[in-house]
Amino acid sequence: MGGIVFCGQASARSGDGGWPRPPWWQRDGHLQTIGAALWARRGRGGRIEWTRERWDTPDGDFIDVDHITPATASALLLLFHGLEGSSASHYARAFAREATLRGWAVAVPHFRGCSGEPNRAPRAYHSGDFEEVGWMIERAAGRWPTLSCVAVGVSLGGNALLRWLQEAGTTAATRLCAAAAISAPLDLAAAGAAIDQGLNRVLYARMFLRTMRHKAREKARRYPGLFDLERALAARTLRAFDDAFTAPLHGFRDVDDYWRRASAKPHMRTIRVPTLVLNARNDPFVPAASLPSAAEVGPHVQLWQPAAGGHVGFAAAASPWDLRGDVGALPQAAMDWLARAAGWRCECHNPMHNEYHG
């Protein structure tokens with residue numbers, strides 16, 4: 001499964017460069033984030049028909065994997081979703097449509113508890129869950145042994161994927177030809193502080209906490225005394241919730257220990273697989289000041305840091321009168337890059353391809 005080694009100097013694309021061009025009314029990162037999630041078109045292609053499999057984990061638990069695997073596929077896209085995401089997330093559907101049009105298989109392994117059914121084990125999932133990501137990648141290689149594989153991680157899934165690449169080192173290339181992390185919170189302390197403040201706290205933190213508190217109740221019912229349920233339910237910030245629930249559940253001393261050890265930014269030089277790291281500089285969750293510079297990453301990492309895009313937004317307007325935009329621009333650009341980095345034949349579909357790959 002040997003993809004080519006991307007040996008060029010890492011670089012950061014910090015300007016607009018003509019991509020993405022969001023609908024005119026999406027003037028800031030909040031509007032670009034919300035607009036992509038709620039109103040944008042979901043890329044080219046038709047209806048998505050997932051097939052679901054349940055994989056038993058070594059600790060007696062399970063994960064559910066949604067996939068589309070054409071009989072003629074020669075490549076597999078593995079997508080790791082974000083916090084409280086799933087195969088139903090707007091970006092997962094857009095990537096699935098694009099993969100199908102290219103003749104690739106696509107699989108979305110759900111982090112534990114994110115497929116619509118509570119998981120059985122005491123653990124849940126977290127931003128630095130590289131061991132879980134590694135197990136998923138190994139299991140996918142066994143399930144589809146003839147398919148060359150690339151991986152995309154989105155938001156939390158992007159940081160976890162990067163942490164696996166960092167921990168795996170040179171052995172990662174035996175499983176992945178290339179990888180991409182999109183809107184990943186590479187510095188969890190900076191991202192946590194950002195999402196818990198001001199408008200972010202109203203728009204996003206409350207939404208995440210609503211579903212996470214429900215999961216905490218269910219976990220406490222099955223495993224009483226595992227963590228302080230009252231403190232978790234009383235949390236009004238992600239920091240407080242991670243301190244009460246996520247950290248103790250996964251063996252971290254506290255939230256600061258968790259965020260420090262789980263953050264991918266300090267280890268970006270250790271990645272040995274061609275890897276794209278895409279972050280909009282107006283992402284409400286990920287402060288631009290926390291993003292790595294080209295000097296902070298190794299030669300296998302390519303940074304894209306456009307001025308616009310929001311958090312997993314990147315909806316491109318087809319015309320000045322297009323009010324919705326289309327999130328298909330994101331998987332088109334990312335998959336073009338992955339195909340080239342992996343050494344596969346690439347028929348570039350993104351109209352801005354030359355700007356970012358020239």
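Visitor: Which backbone oxygen does the side chain of Gln305 reach at 2.9 Å?

Guide: In this predicted model, Gln305 sits in the loop between β9 (301-304) and α10 (329-342). Its side chain has a polar contact of 2.8 Å with the side chain of Arg281. The backbone oxygen that the side chain of Gln305 reaches at 2.9 Å is that of Pro292.

Visitor: Is Gln305 buried or exposed?

Guide: Residues under 20% relative accessible area are classed as buried. The relative accessibility of Gln305 is 3%, and therefore Gln305 counts as buried.

Visitor: Which helix supplies the largest share of the lining of the largest pocket?

Guide: The largest pocket holds about 1200 Å³ of space and is lined by 49 residues. Helices that each supply at least two lining residues include α1 (29-38), α2 (90-102) and α6 (198-222). The largest share, 11 residues, comes from α6.

Visitor: How many residues of that lining are charged?

Guide: Among the lining residues, Gly82, Leu83, Glu84, Gly85 and Phe208 lie nearest the centre of the pocket. By class, the lining has 25 nonpolar and 16 polar residues, and the number of charged residues is 8.

Visitor: Against which helices do the buried residues of α1 pack?

Guide: At the start of α1, a side-chain oxygen of Asp28 comes to within 3.2 Å of the backbone nitrogen of His30. His30 is itself buried, as are Gly29, Gln32, Thr33, Gly35 and Ala36 in α1. The helices against which the buried residues of α1 pack are α2 and α6.

Methods:
Residues are numbered from 1 along each chain as its sequence is written. This is a predicted model: local features need pLDDT of at least 70, side-chain atom pairs count only at pLDDT 80 or more; totals for chains, interfaces and linings use all residues. Side-chain values use heavy atoms; hydrogens and water are left out. On a 1 Å grid over the protein atoms alone, a cavity is a set of points where a 1.4 Å probe fits but cannot get out, and a pocket is an open set with protein on both sides within 12 Å along at least five of seven lines; lining residues have an atom within 4 Å of a point. Grid points are joined across faces, edges and corners, and a volume is the space filled by probe spheres set on the points. Helices (H or I, at least four residues) and strands (E, at least two) are DSSP runs, numbered from the N terminus. Ala, Val, Leu, Ile, Met, Phe, Trp, Tyr, Cys and Pro count as nonpolar, Asp, Glu, Lys and Arg as charged, and the others, Gly among them, as polar. Buried means under 20% relative accessible area, exposed over 50%, partly exposed in between (1.4 Å probe, protein chains only). A polar contact is a pair of N or O atoms within 3.5 Å; within protein, one must be able to donate a hydrogen and the other to accept it, and residues adjacent in sequence count only if both atoms are side-chain atoms. Contact means heavy atoms within 4.5 Å.
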